[in-house]
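This report covers contacts, strand pairing, the core and salt bridges. Please keep the sequence and the 3D view open while reading.

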Amino acid sequence: MTELRRSERQRVSESGKIILLNSNFDVIDCTVANLSSTGACLEVQSQEDIPNAFALVIGAGKPIACKVAWRQATRIGVRFA
């Protein structure tokens, strides 16, 4: 299988928050499963209310703008914008 990622991802298990860019800035909890300088894999309970663009906060860090690259049952791959 050919690797298509631009940078190598490191496995992590950190708490994260998906910040929806709606009028209420709703928050959805997630777990960051792996991370690189260009993106991440997020584990979520449900993708139902997650749009294609949002902000991600990892731990106590600052918000990072993200765009969804792919979706699977309870996982979302994101690229940092």
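Leu 56 is in contact with Lys 17, Ile 18, Cys 30, Leu 42, Lys 62, Pro 63, Ile 64, Cys 66 and Phe 80, leaving aside its neighbours within four places in sequence. Contact here means heavy atoms within 4.5 Å. This is a predicted model, in which local features need pLDDT of at least 70, side-chain atom pairs count only at pLDDT 80 or more, and totals for chains, interfaces and linings use all residues. Residues are numbered from 1 along each chain as its sequence is written, and side-chain values use heavy atoms, with hydrogens and water left out.

**The core**

Leu 56 is also among the residues with the most contacts inside the largest nonpolar core. That core has 17 residues, and others with the most contacts include Ile 18, Leu 42, Ile 50, Phe 54 and Val 78. S2, S3, S4, S5 and S6 each give two or more residues to this core. A nonpolar core is a set of buried Ala, Val, Leu, Ile, Met, Phe, Trp, Tyr and Cys residues joined through side-chain atoms within 4.5 Å. Buried means under 20% relative accessible area, exposed over 50%, and partly exposed in between (1.4 Å probe, protein chains only). In soluble globular proteins, nonpolar side chains tend to be buried together.

How do the strands run? Strands (E, at least two residues) and helices (H or I, at least four) are DSSP runs, numbered from the N terminus. Two strands pair if DSSP finds at least two bridges between them.

S1 and S2 are antiparallel and share 8 bridges. Gln 10 has Leu 35 in S2 as its bridge partner. S1 also runs antiparallel to S4, joined by 4 bridges. There, Ile 19 has Ala 55 in S4 as its partner.

Strand S4 covers residues 53-58. Of its 6 residues, 5 are buried, so S4 is largely enclosed by the rest of the structure. S4 pairs with S5 (residues 64-72) over 4 bridges, again antiparallel. Phe 54 has Cys 66 in S5 as its bridge partner. The hairpin of S4 and S5 has 5 residues between the strands, and Gly 59 takes a positive phi near 60° there.

**A buried loop residue**

Leu 20 lies in the loop between S1 and S2. Is Leu 20 buried or exposed? Leu 20 is buried, with a relative accessible area of 8%. Beyond neighbours within four places in sequence, its contacts are Phe 25, Asp 26, Ile 28, Asp 49 and Pro 51.

**Salt bridges**

A salt bridge is a side-chain nitrogen of Lys or Arg within 4 Å of a carboxyl oxygen of Asp or Glu. By this rule there are 2 salt bridges.

| Pair | N to O distance |
|---|---|
| Lys 17 and Asp 29 | 2.6 Å |
| Glu 43 and Arg 75 | 2.6 Å |

Lys 17 lies in S1 (residues 10-19) and Asp 29 in S2 (residues 27-35), so this pair ties together parts 12 residues apart in sequence. Lys 17 is partly exposed at 37% relative accessible area, while Asp 29 is exposed at 52%.

Glu 43 sits in S3 (residues 39-43) and Arg 75 in S6 (residues 75-80), so their bridge ties together parts 32 residues apart in sequence. Glu 43 is partly exposed at 32%. Arg 75 is partly exposed at 30%.
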